[in-house]
Each structure stands twice: as structure tokens, then as C-alpha cells.
Amino acid sequence: MQPDIFVIADRTFSSRLIVGTGKYSSPAVMVRAHDASGADMITVAVRRVNISDRSSARGPREHSEPSSGAESLLDYIDTAKYFLLPNTAGCYTADEAVRTARLGREAGLSHWVKLEVIGDEKTLFPDNEALLDATRILVREGFVVLPYTTDDPVVCRKLQDAGAAAIMPLGAPIGSGLGIQNVNNLRIIRELARIPLIVDAGVGTASDAALAMELGADGVLMNTAIAGAQDPVAMAESMKLAVRAGRLAYLAGRIPRKLYASASSPIEGLVGR
Amino acid sequence: MGYRSFQAKLHYLCAKMSHELVKIALNGEPFEVEGPLTVTELLARLDIDPRRIAVEHNLVVLKRAAFGHTTINAGDQVEIVNFVGGG
């Protein structure tokens, strides 16, 4: 079999699983889950530094306890080992998302962005019109844009044409754990995609990730399925194996589905006939 | 030096010596700080490590190298962000 490498833009990744950094019970659990996942790209959010926590910092320094704001997520991420993918989660307009992407670029070390422009609070479905606008702006500015989108083949084609580096349709709403809801749309998107196809959001358990990969996704991005599991470290490992298993099954080429049985054992030489 | 420019210079020096409070919008909230001051000085005053954050000054994202020579004046809008957990 050919070496199975995963390339987005100009970067090669050893793992097809991309994991998040949100919702973990503690940084220690997150660190162990990241390790168990085998992922080499992890997503982070860009947020305002909490200034009120720091107002006391203007007075005499206290040495007893650091203010909560003094602790940084980056204290727990080995940036030599993991590639950081800043997101624009929580942005509701193209303008907010573009500003956030630019800030993420300065805070981090790369010009990559997981682009989210949300259109609805309850479903967290993307506003695809604003998403396309923001994609075009950021591509022009030299960003590697990975847009989170609905599983709509037409929107995916437009994002691809707009210069996105990958297309990232949802399997189901963010954090829902419902699994892949529209298998056939993903099949169609697989056919039209000339850039990496990453299923982003909706995975609940290992079989969901395996299914996404069996359908031909190039990668899977998830956060809640691991961070929210009762044992996030064990779930991270199961996702690593599921993504690998699904990928191998896709490359191996599954048998066609048939309505009736087809015997596995020879029908000749049966005893007593 | 004309009287007017002398007065302006005097005013500038007095402001520098007396550390006037300038009112800015910091992360969307009203904030008062002795100034005018540079972004580097503001970060130091807030005890924020400049290597781990990004700053937007009046809607323009600053390169880190510009922190030392970007002056924050009264009425300016400043955003300071960092990375937090997310998916």
C-alpha cells in the first residue's frame, strides 16, 4: 500500500484526527487525552484576556496565589509537538471572524484559521453567506482557511472555489454527539472535493468517527466527544483507533451491499448430500 | 519658539510629569490608566506576558514588534486576546 500521508496546504500531518482544547475537567486530563489521541493538530479559541482579574496586578504583587487570568492554556500545550489551529468560534459576522482570525495569527505562530461564522445560537449552524465572505477576505490576506460549514455540497463547492484549504462540513450540530446525520451528502461532497474533506463536529463515539472516515473523509475534528466522555483519555485513544480503522477500511474498499446472503463456505462437498 | 508652541510643549511636559489619567476602552470596558503610554507599557502595567497575546489597537491588529512604539491615547479602543480552550 502507498504511504498514506495527510497534507493540508503545505503541511503534512501524521494523524487524521484533529482535537480541541475546550470543556476538559482539568488541564492535566486534557494533556493526557491529547497524548492518547495521537493528534498533531489541536484547535484553540481566541478570547479577550480577563482584565478585571488583572486589575490587582497594578498594585503590589501577591505571591501567594496567581490570579486565574495569569494561567495560560499555552502552559499546557507543547507547541513543538502540536500545531495550533486558532478558531473563530462564537463569531456571528464575517467582520468579527476576520478580526479574530487576524488576532489569532498574531497570538500564534501560523497563518492558519479554523473559520467559524455562526448563524444561529441554538443549533450553532454556520451562516454560510457570511462564511463565504470571510473565507474570501482571509484567503486574499494569505490565510490557510479551514471553514466549518453545513453538509451542503453546493456551499462546500463554493468554499473550495473561494480558495479554502480544506472543507469542514459538520456531521451533526456542534457538541450534539448525534453522529453523521447525512451520509449521502458527505458522499456527494467526497466526490466534488479536490481539497481535504474534514468532518468537523457531531461525533459522539468511535463508530461515528470510523463512519466518517469510511465515507472517505480525509480527517475528523472533534472536541466534546473526547472532553465530555466519562474517561476522556480512553475515548481519545478509541478515536485514534477509529479514525485509523475507518481510513484503512476506506482505502481497502468495502464490499457492495446486497439484500440476500452469499455463502462464505463452499457449497460443494457437504456431508450427507 | 512662538508662545503657542511653547504652551503646547509645556502642556505636553506637564502631562508627562503628572501622569494624567487617560480613558480608553479596553476589551470593551471603560478603563483608566496613567498615560499616554505604549502598548508595551500597558501590558506591563496589566502584568500580561506579551509573548502569549495579541493586541488590536483601534481595529488594527498590531505586530508584536510594534508594541513598543504604538502609543495609546485617550479615547482609543484596545483589545487584548489570548488562547483559551475551544473546539
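Modeller: A term to start with: a salt bridge is a side-chain nitrogen of Lys or Arg within 4 Å of a carboxyl oxygen of Asp or Glu. By that rule B:K63 forms a salt bridge with A:E106, with the closest N and O atoms 2.9 Å apart. B:K63 lies in the loop between strand 5 (60-61) and strand 6 (71-72) of chain B, and A:E106 in helix 2 (residues 94-107) of chain A, so the pair joins two chains. Helices (H or I, at least four residues) and strands (E, at least two) are DSSP runs, numbered from the N terminus.

Biologist: Before I go on, what sort of model is this?

Modeller: This is a predicted model, where local features need pLDDT of at least 70 and side-chain atom pairs count only at pLDDT 80 or more, while totals for chains, interfaces and linings use all residues. Residues are numbered from 1 along each chain as its sequence is written, chains are lettered from A and ligands numbered from 1 in the order in which they are written, and side-chain values use heavy atoms, with hydrogens and water left out.

Biologist: Back to A:E106. Buried or exposed?

Modeller: A:E106 is buried, at a relative accessible area of 14%. Buried means under 20% relative accessible area, exposed over 50%, and partly exposed in between (1.4 Å probe, protein chains only).

Biologist: How many salt bridges cross the interface of chain B and chain A?

Modeller: The rule finds four there. One of them is between A:D75 and B:R52, at 2.2 Å from N to O. A:D75 is in the loop between strand 4 (41-48) and strand 5 (83-87) of chain A, and B:R52 is in the loop between helix 2 (39-45) and strand 4 (53-57) of chain B, so this pair also joins two chains. A:D75 is partly exposed at 42%, and B:R52 is partly exposed at 28%.

Biologist: And what does A:R48 meet in a salt bridge?

Modeller: The side chain of B:E79, at 2.7 Å from N to O. A:R48 also stands opposite B:V81 in strand 7 of chain B. Strand 4 of chain A and strand 7 of chain B run antiparallel and are joined by five bridges; two strands pair if DSSP finds at least two bridges between them.

Biologist: How much area is buried between the chains?

Modeller: About 2,800 Å², with carbon and sulfur atoms giving 57%. Buried area is the accessible area (1.4 Å probe) that two parts lose on being put together, summed over both. In chain B, the residues that lose the most area to chain A are B:R52, B:F83 and B:G87, together 28% of what that side buries.

Biologist: How many residues does each chain bring to the contact?

Modeller: Chain B gives 30 and chain A gives 33, where contact means heavy atoms within 4.5 Å.

Biologist: Change of topic. Where is the cis peptide bond?

Modeller: It runs from B:G35 to B:P36, with omega near 0 degrees. B:P36 sits in the loop between strand 2 (29-34) and strand 3 (37-38) of chain B.
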